[in-house]
Amino acid sequence: MRVFLIAGEPSGDALGQALMAGLKALVPDVQFSGVGGPLMCAEGMTSRFPMDELSVMGLAEILPKYRHLKRRIHETAQALLDEKPDVLITIDSPDFCLRVARLVKAASSVRTVHYVAPTIWAWRPGRAKKMVGVIDQVLALFPFEPPLMQAAGVTCDFVGHPIATQPRATSDDCAAFRAAHDLTDRPFVLLLPGSRRGEVSRMAPVFGETVAALARARPDLRFVLPAAGPVVQMVHELTATWSQPPLILDPARTTPAMKRAAFAAADLAIAASGTVSLELAAARTPMVIAYRMNPLTFAIIRRMAITDTVTLVNHVTDSRVVPEFLGPECQASNIAPAALSLLSAPGEQLEAMNLTMERLGEGLEDPGVRAARAVLSRL
(Lines give C-alpha, C1' and ligand atoms only; values in the text may rest on other atoms or scores of the structure.)
Protein backbone atom coordinates (compact mmCIF):
# COMPACT_ATOMS: atom_id res chain seq x y z
CA MET A 1 0.00 0.00 0.00
CA ARG A 2 1.35 3.44 -0.96
CA VAL A 3 0.23 6.58 0.83
CA PHE A 4 1.04 10.17 -0.16
CA LEU A 5 0.70 12.62 2.74
CA ILE A 6 0.95 16.40 2.97
CA ALA A 7 1.30 18.42 6.17
CA GLY A 8 2.18 22.11 6.42
CA GLU A 9 2.29 22.89 10.14
CA PRO A 10 3.92 21.37 13.25
CA SER A 11 0.47 20.33 14.49
CA GLY A 12 -0.16 18.59 11.18
CA ASP A 13 3.25 16.93 11.40
CA ALA A 14 2.25 15.43 14.76
CA LEU A 15 -1.09 14.22 13.39
CA GLY A 16 0.70 12.77 10.38
CA GLN A 17 3.20 10.89 12.52
CA ALA A 18 0.43 9.30 14.62
CA LEU A 19 -1.56 8.37 11.52
CA MET A 20 1.51 6.87 9.86
CA ALA A 21 2.25 4.83 12.99
CA GLY A 22 -1.36 3.63 13.00
CA LEU A 23 -1.18 2.63 9.34
CA LYS A 24 2.10 0.77 9.91
CA ALA A 25 0.52 -1.16 12.76
CA LEU A 26 -2.42 -2.20 10.59
CA VAL A 27 -0.61 -2.53 7.22
CA PRO A 28 3.05 -3.38 7.90
CA ASP A 29 4.20 -3.06 4.28
CA VAL A 30 2.77 0.46 3.81
CA GLN A 31 5.02 2.97 2.01
CA PHE A 32 4.95 6.75 2.50
CA SER A 33 5.85 9.78 0.40
CA GLY A 34 4.89 13.44 0.27
CA VAL A 35 5.58 16.54 2.35
CA GLY A 36 6.01 16.55 6.11
CA GLY A 37 8.05 17.70 9.05
CA PRO A 38 10.61 16.00 11.28
CA LEU A 39 8.07 13.78 13.05
CA MET A 40 6.67 12.36 9.83
CA CYS A 41 10.17 11.93 8.42
CA ALA A 42 11.13 9.98 11.54
CA GLU A 43 8.17 7.69 10.83
CA GLY A 44 9.47 6.84 7.36
CA MET A 45 8.90 9.72 4.95
CA THR A 46 11.38 11.71 2.91
CA SER A 47 9.80 15.15 2.48
CA ARG A 48 9.88 16.55 -1.05
CA PHE A 49 10.71 20.00 0.35
CA PRO A 50 10.87 21.58 3.83
CA MET A 51 7.43 21.70 5.44
CA ASP A 52 8.29 25.13 6.89
CA GLU A 53 7.68 26.66 3.46
CA LEU A 54 3.96 26.10 4.02
CA SER A 55 3.82 27.48 7.56
CA VAL A 56 2.27 30.81 6.63
CA MET A 57 -0.72 32.14 8.56
CA GLY A 58 -3.07 35.00 7.73
CA LEU A 59 -4.38 36.48 4.52
CA ALA A 60 -2.02 39.46 4.47
CA GLU A 61 0.95 37.22 5.30
CA ILE A 62 0.30 34.79 2.43
CA LEU A 63 0.21 37.40 -0.34
CA PRO A 64 4.01 38.00 -0.60
CA LYS A 65 4.61 34.23 -0.93
CA TYR A 66 1.70 33.46 -3.23
CA ARG A 67 3.71 32.73 -6.38
CA HIS A 68 6.09 30.38 -4.60
CA LEU A 69 3.24 28.53 -2.90
CA LYS A 70 1.38 28.21 -6.21
CA ARG A 71 4.48 26.66 -7.78
CA ARG A 72 4.76 24.19 -4.90
CA ILE A 73 1.08 23.26 -5.31
CA HIS A 74 1.61 22.25 -8.93
CA GLU A 75 4.91 20.48 -8.18
CA THR A 76 3.30 18.45 -5.40
CA ALA A 77 0.26 17.49 -7.46
CA GLN A 78 2.44 16.36 -10.35
CA ALA A 79 4.65 14.30 -8.04
CA LEU A 80 1.58 12.51 -6.74
CA LEU A 81 0.21 11.85 -10.22
CA ASP A 82 3.59 10.40 -11.21
CA GLU A 83 3.69 8.10 -8.16
CA LYS A 84 0.04 6.90 -8.41
CA PRO A 85 -0.46 6.11 -4.69
CA ASP A 86 -3.50 4.31 -3.30
CA VAL A 87 -4.59 7.35 -1.33
CA LEU A 88 -3.70 11.00 -0.81
CA ILE A 89 -4.03 12.17 2.80
CA THR A 90 -3.80 15.93 3.29
CA ILE A 91 -3.47 17.19 6.85
CA ASP A 92 -4.91 20.59 7.79
CA SER A 93 -3.29 23.57 5.90
CA PRO A 94 -6.36 23.74 3.62
CA ASP A 95 -5.16 26.67 1.50
CA PHE A 96 -2.36 24.49 0.18
CA CYS A 97 -3.67 20.96 0.62
CA LEU A 98 -7.09 21.36 -0.95
CA ARG A 99 -5.62 23.04 -4.00
CA VAL A 100 -3.34 20.05 -4.48
CA ALA A 101 -6.27 17.66 -4.00
CA ARG A 102 -8.34 19.55 -6.58
CA LEU A 103 -5.58 19.19 -9.20
CA VAL A 104 -5.18 15.51 -8.37
CA LYS A 105 -8.91 14.80 -8.64
CA ALA A 106 -9.14 16.63 -11.96
CA ALA A 107 -6.50 14.34 -13.46
CA SER A 108 -6.94 11.00 -11.69
CA SER A 109 -9.14 8.74 -9.57
CA VAL A 110 -6.81 8.71 -6.54
CA ARG A 111 -8.81 8.58 -3.33
CA THR A 112 -8.48 11.77 -1.27
CA VAL A 113 -8.72 12.09 2.50
CA HIS A 114 -8.44 15.34 4.44
CA TYR A 115 -7.44 15.09 8.10
CA VAL A 116 -8.88 17.94 10.22
CA ALA A 117 -12.27 19.26 9.17
CA PRO A 118 -12.39 22.91 8.12
CA THR A 119 -13.66 25.20 10.86
CA ILE A 120 -17.02 25.76 9.17
CA TRP A 121 -18.54 26.16 12.64
CA ALA A 122 -16.50 29.35 13.04
CA TRP A 123 -16.39 31.01 9.64
CA ARG A 124 -16.84 30.42 5.89
CA PRO A 125 -19.33 27.52 6.14
CA GLY A 126 -19.33 27.30 2.35
CA ARG A 127 -15.93 25.61 2.49
CA ALA A 128 -17.60 22.28 3.19
CA LYS A 129 -19.56 22.27 -0.07
CA LYS A 130 -16.41 23.19 -1.99
CA MET A 131 -14.88 19.91 -0.81
CA VAL A 132 -17.58 17.85 -2.54
CA GLY A 133 -15.98 16.04 -5.47
CA VAL A 134 -12.51 16.99 -4.28
CA ILE A 135 -12.27 15.20 -0.93
CA ASP A 136 -13.72 11.70 -0.55
CA GLN A 137 -13.44 11.54 3.25
CA VAL A 138 -12.76 13.93 6.11
CA LEU A 139 -11.27 12.86 9.45
CA ALA A 140 -12.61 15.09 12.22
CA LEU A 141 -10.98 15.95 15.53
CA PHE A 142 -14.18 17.14 17.21
CA PRO A 143 -17.45 15.23 17.76
CA PHE A 144 -19.65 18.11 16.60
CA GLU A 145 -18.03 18.26 13.13
CA PRO A 146 -19.31 15.13 11.27
CA PRO A 147 -22.99 16.23 11.21
CA LEU A 148 -21.96 19.62 9.79
CA MET A 149 -19.79 18.07 7.09
CA GLN A 150 -22.32 15.38 6.20
CA ALA A 151 -25.06 17.99 5.84
CA ALA A 152 -22.90 19.57 3.13
CA GLY A 153 -22.49 16.22 1.36
CA VAL A 154 -19.01 15.24 2.60
CA THR A 155 -18.30 11.87 4.25
CA CYS A 156 -16.80 12.54 7.68
CA ASP A 157 -15.58 10.35 10.55
CA PHE A 158 -14.82 11.52 14.09
CA VAL A 159 -11.49 9.94 15.08
CA GLY A 160 -10.77 11.78 18.33
CA HIS A 161 -8.28 14.49 19.18
CA PRO A 162 -4.66 13.49 19.93
CA ILE A 163 -4.55 15.74 22.98
CA ALA A 164 -6.99 13.40 24.74
CA THR A 165 -4.56 10.48 24.84
CA GLN A 166 -1.23 12.22 25.25
CA PRO A 167 0.84 11.68 28.43
CA ARG A 168 -0.06 13.76 31.48
CA ALA A 169 2.24 15.30 34.07
CA THR A 170 1.91 13.75 37.51
CA SER A 171 1.79 15.63 40.79
CA ASP A 172 5.39 14.57 41.36
CA ASP A 173 6.36 16.00 37.95
CA CYS A 174 4.73 19.31 38.86
CA ALA A 175 6.42 19.41 42.25
CA ALA A 176 9.80 18.71 40.64
CA PHE A 177 9.29 21.50 38.12
CA ARG A 178 8.38 23.99 40.84
CA ALA A 179 11.35 22.96 42.97
CA ALA A 180 13.77 23.19 40.05
CA HIS A 181 12.73 26.79 39.32
CA ASP A 182 12.30 28.12 42.86
CA LEU A 183 8.51 28.15 42.57
CA THR A 184 7.64 25.73 45.35
CA ASP A 185 5.62 28.20 47.40
CA ARG A 186 4.83 30.72 44.69
CA PRO A 187 1.85 30.87 42.31
CA PHE A 188 2.87 31.37 38.72
CA VAL A 189 1.26 32.37 35.45
CA LEU A 190 2.18 30.65 32.21
CA LEU A 191 2.65 33.01 29.26
CA LEU A 192 2.10 31.60 25.77
CA PRO A 193 2.44 34.34 23.12
CA GLY A 194 2.63 31.97 20.11
CA SER A 195 5.29 30.25 18.04
CA ARG A 196 5.59 32.51 14.98
CA ARG A 197 7.66 35.67 14.80
CA GLY A 198 4.69 37.78 13.72
CA GLU A 199 2.56 36.51 16.59
CA VAL A 200 5.25 37.06 19.19
CA SER A 201 6.08 40.57 17.99
CA ARG A 202 2.41 41.58 18.21
CA MET A 203 1.67 39.84 21.50
CA ALA A 204 4.81 40.70 23.49
CA PRO A 205 3.86 44.34 24.26
CA VAL A 206 0.38 43.29 25.42
CA PHE A 207 1.75 40.47 27.53
CA GLY A 208 4.35 42.79 29.04
CA GLU A 209 1.67 45.30 30.09
CA THR A 210 -0.48 42.49 31.46
CA VAL A 211 2.42 41.12 33.51
CA ALA A 212 2.99 44.59 34.98
CA ALA A 213 -0.70 44.92 35.91
CA LEU A 214 -0.83 41.48 37.49
CA ALA A 215 2.40 42.06 39.42
CA ARG A 216 0.96 45.27 40.89
CA ALA A 217 -2.21 43.50 41.99
CA ARG A 218 -0.51 40.27 43.10
CA PRO A 219 3.16 40.84 44.01
CA ASP A 220 3.46 37.14 44.85
CA LEU A 221 2.93 36.06 41.25
CA ARG A 222 5.75 34.77 39.08
CA PHE A 223 5.70 34.32 35.32
CA VAL A 224 6.98 31.47 33.13
CA LEU A 225 7.23 31.59 29.34
CA PRO A 226 7.95 28.36 27.39
CA ALA A 227 9.49 29.72 24.18
CA ALA A 228 9.17 28.01 20.81
CA GLY A 229 12.44 27.21 19.04
CA PRO A 230 12.11 29.63 16.09
CA VAL A 231 11.43 32.62 18.35
CA VAL A 232 13.45 31.96 21.51
CA GLN A 233 16.02 34.70 20.87
CA MET A 234 13.26 37.13 19.94
CA VAL A 235 11.44 36.31 23.19
CA HIS A 236 14.55 37.06 25.23
CA GLU A 237 14.96 40.42 23.50
CA LEU A 238 11.32 41.49 23.76
CA THR A 239 10.88 40.53 27.42
CA ALA A 240 14.15 42.01 28.70
CA THR A 241 12.52 45.41 29.27
CA TRP A 242 9.42 44.12 31.07
CA SER A 243 8.92 45.32 34.62
CA GLN A 244 9.08 41.68 35.70
CA PRO A 245 10.88 39.57 33.09
CA PRO A 246 9.55 36.00 33.00
CA LEU A 247 11.44 32.78 33.48
CA ILE A 248 11.99 31.69 29.87
CA LEU A 249 12.08 27.97 29.21
CA ASP A 250 14.54 27.43 26.37
CA PRO A 251 13.25 24.66 24.06
CA ALA A 252 16.79 23.38 23.59
CA ARG A 253 16.85 22.43 27.27
CA THR A 254 13.16 21.72 27.84
CA THR A 255 11.96 18.18 27.24
CA PRO A 256 8.31 17.42 26.38
CA ALA A 257 7.89 16.04 29.89
CA MET A 258 9.21 19.28 31.41
CA LYS A 259 6.84 21.32 29.24
CA ARG A 260 3.89 19.17 30.33
CA ALA A 261 4.92 19.70 33.93
CA ALA A 262 5.08 23.46 33.43
CA PHE A 263 1.59 23.47 31.93
CA ALA A 264 0.12 21.35 34.72
CA ALA A 265 1.92 23.14 37.56
CA ALA A 266 0.83 26.63 36.49
CA ASP A 267 -1.96 28.34 38.41
CA LEU A 268 -3.15 30.17 35.31
CA ALA A 269 -2.20 30.66 31.66
CA ILE A 270 -2.51 33.62 29.33
CA ALA A 271 -2.31 32.23 25.83
CA ALA A 272 -2.53 33.23 22.21
CA SER A 273 -5.55 31.74 20.48
CA GLY A 274 -5.07 28.30 18.98
CA THR A 275 -4.85 24.62 19.82
CA VAL A 276 -2.69 25.46 22.85
CA SER A 277 -6.01 25.96 24.64
CA LEU A 278 -6.54 22.19 24.42
CA GLU A 279 -3.08 21.52 25.89
CA LEU A 280 -4.08 23.71 28.80
CA ALA A 281 -7.43 21.97 29.10
CA ALA A 282 -5.68 18.59 29.18
CA ALA A 283 -3.45 19.93 31.98
CA ARG A 284 -6.52 21.37 33.74
CA THR A 285 -4.90 24.81 33.82
CA PRO A 286 -7.33 27.78 33.82
CA MET A 287 -6.74 30.15 30.92
CA VAL A 288 -7.41 33.53 29.38
CA ILE A 289 -7.14 33.69 25.60
CA ALA A 290 -5.74 36.80 23.91
CA TYR A 291 -4.77 37.40 20.30
CA ARG A 292 -3.75 40.16 17.95
CA MET A 293 -3.23 39.68 14.24
CA ASN A 294 -2.60 41.81 11.19
CA PRO A 295 -5.43 44.41 11.26
CA LEU A 296 -6.44 43.64 7.68
CA THR A 297 -6.61 39.91 8.38
CA PHE A 298 -8.63 40.52 11.55
CA ALA A 299 -11.09 42.83 9.81
CA ILE A 300 -11.74 40.26 7.07
CA ILE A 301 -12.09 37.32 9.45
CA ARG A 302 -14.38 39.24 11.80
CA ARG A 303 -16.75 39.96 8.92
CA MET A 304 -16.78 36.28 7.98
CA ALA A 305 -17.13 34.87 11.52
CA ILE A 306 -20.35 33.04 12.40
CA THR A 307 -19.49 32.36 16.04
CA ASP A 308 -18.80 34.55 19.05
CA THR A 309 -15.90 32.46 20.35
CA VAL A 310 -12.70 30.99 18.90
CA THR A 311 -11.71 28.93 21.93
CA LEU A 312 -12.14 25.19 21.47
CA VAL A 313 -13.06 24.49 25.10
CA ASN A 314 -15.99 26.85 24.67
CA HIS A 315 -17.07 25.12 21.46
CA VAL A 316 -16.74 21.53 22.68
CA THR A 317 -18.71 22.26 25.86
CA ASP A 318 -21.10 24.75 24.24
CA SER A 319 -20.19 27.25 26.96
CA ARG A 320 -18.31 30.52 27.23
CA VAL A 321 -16.30 29.86 30.38
CA VAL A 322 -12.93 30.72 28.81
CA PRO A 323 -12.61 34.51 28.46
CA GLU A 324 -11.05 35.70 25.22
CA PHE A 325 -9.86 39.09 24.02
CA LEU A 326 -9.23 39.37 20.30
CA GLY A 327 -8.14 42.18 18.00
CA PRO A 328 -8.86 45.62 19.50
CA GLU A 329 -10.03 43.98 22.75
CA CYS A 330 -6.62 42.41 23.26
CA GLN A 331 -5.53 44.91 25.89
CA ALA A 332 -3.92 44.49 29.29
CA SER A 333 -6.83 46.44 30.82
CA ASN A 334 -9.13 43.56 29.80
CA ILE A 335 -6.81 40.58 30.21
CA ALA A 336 -5.47 41.33 33.71
CA PRO A 337 -8.88 41.59 35.48
CA ALA A 338 -10.07 38.38 33.83
CA ALA A 339 -6.87 36.61 34.92
CA LEU A 340 -7.22 37.81 38.51
CA SER A 341 -10.83 36.64 38.59
CA LEU A 342 -9.85 33.18 37.38
CA LEU A 343 -7.06 32.89 39.92
CA SER A 344 -9.61 33.28 42.70
CA ALA A 345 -12.44 31.19 41.18
CA PRO A 346 -11.34 28.61 38.56
CA GLY A 347 -13.98 25.97 39.36
CA GLU A 348 -16.41 26.46 36.46
CA GLN A 349 -13.62 26.42 33.90
CA LEU A 350 -12.09 23.27 35.40
CA GLU A 351 -15.44 21.47 35.03
CA ALA A 352 -15.57 22.51 31.36
CA MET A 353 -12.05 21.15 30.82
CA ASN A 354 -13.04 17.76 32.25
CA LEU A 355 -16.03 17.61 29.89
CA THR A 356 -13.88 18.70 26.95
CA MET A 357 -11.38 15.89 27.43
CA GLU A 358 -14.15 13.32 27.88
CA ARG A 359 -15.79 14.38 24.61
CA LEU A 360 -12.48 14.36 22.73
CA GLY A 361 -11.81 10.73 23.61
CA GLU A 362 -9.84 10.67 26.85
CA GLY A 363 -9.21 7.06 27.81
CA LEU A 364 -10.10 5.66 24.38
CA GLU A 365 -7.94 4.18 21.58
CA ASP A 366 -5.18 6.39 20.18
CA PRO A 367 -6.59 8.80 17.57
CA GLY A 368 -3.80 7.91 15.13
CA VAL A 369 -4.97 4.30 15.09
CA ARG A 370 -8.61 5.38 14.88
CA ALA A 371 -7.74 7.62 11.94
CA ALA A 372 -5.87 4.78 10.23
CA ARG A 373 -8.84 2.45 10.69
CA ALA A 374 -11.18 5.09 9.25
CA VAL A 375 -8.99 5.52 6.16
CA LEU A 376 -8.66 1.79 5.55
CA SER A 377 -12.37 1.11 6.12
CA ARG A 378 -13.35 3.30 3.17
CA LEU A 379 -10.62 2.43 0.67
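1. Basis. This is a predicted model, in which local features need pLDDT of at least 70 and side-chain atom pairs count only at pLDDT 80 or more, while totals for chains, interfaces and linings use all residues. Residues are numbered from 1 along each chain as its sequence is written, and side-chain values use heavy atoms, with hydrogens and water left out.

2. Overall fold. The chain has 17 helices and 12 strands (DSSP runs numbered from the N terminus: H or I of at least four residues for helices, E of at least two for strands). Its radius of gyration is 21 Å, close to the 21 Å from the globule rule for 379 residues, so the chain is as compact as a globular protein of that length. That radius is taken over C-alpha atoms, and the rule is 2.2 Å times the number of residues to the power 0.38. Along the principal axes, the C-alpha atoms fill a box of roughly 65 × 45 × 40 Å.

3. Burial and contacts. Of the 379 residues, 51% count as buried (buried is under 20% relative accessible area, exposed over 50%, partly exposed in between, with a 1.4 Å probe and protein chains only). Among contacts between residues at least 6 apart in sequence, 67% join residues at least 24 apart (contact: heavy atoms within 4.5 Å).

4. Helix H12. Seven of the eight residues of H12 (residues 276-283) are buried, so this helix is largely enclosed by the rest of the structure. The buried residues are Val 276, Ser 277, Leu 278, Leu 280, Ala 281, Ala 282 and Ala 283. Their cover includes strands E7 (188-192), E10 (268-271) and E11 (287-291), and helices H11 (256-265), H14 (312-317) and H16 (347-359). Arg 284 follows H12 and has a positive phi, near 60 degrees.

5. Arg 168. This residue sits in the loop between strand E6 (156-158) and helix H8 (171-180). Arg 168 is partly exposed, at 31% relative accessible area. Leaving out residues up to four places away in sequence, Arg 168 touches Ile 163, Asp 173, Ala 282, Arg 284, Met 357 and Glu 362. Arg 260 is 92 residues from Arg 168 in sequence, but their C-alpha atoms are 6.8 Å apart.

6. H9 and H15. Helices H9 (residues 197-217) and H15 (residues 332-344) pack at about 45 degrees, with axes 9 Å apart. Axes are lines fitted to C-alpha atoms, for helices over the stretch in contact, and angles run from 0 to 180 degrees between N-to-C directions. The pair is therefore oblique (under 35 degrees is roughly parallel, over 145 roughly antiparallel, 65 to 115 roughly perpendicular, the rest oblique).
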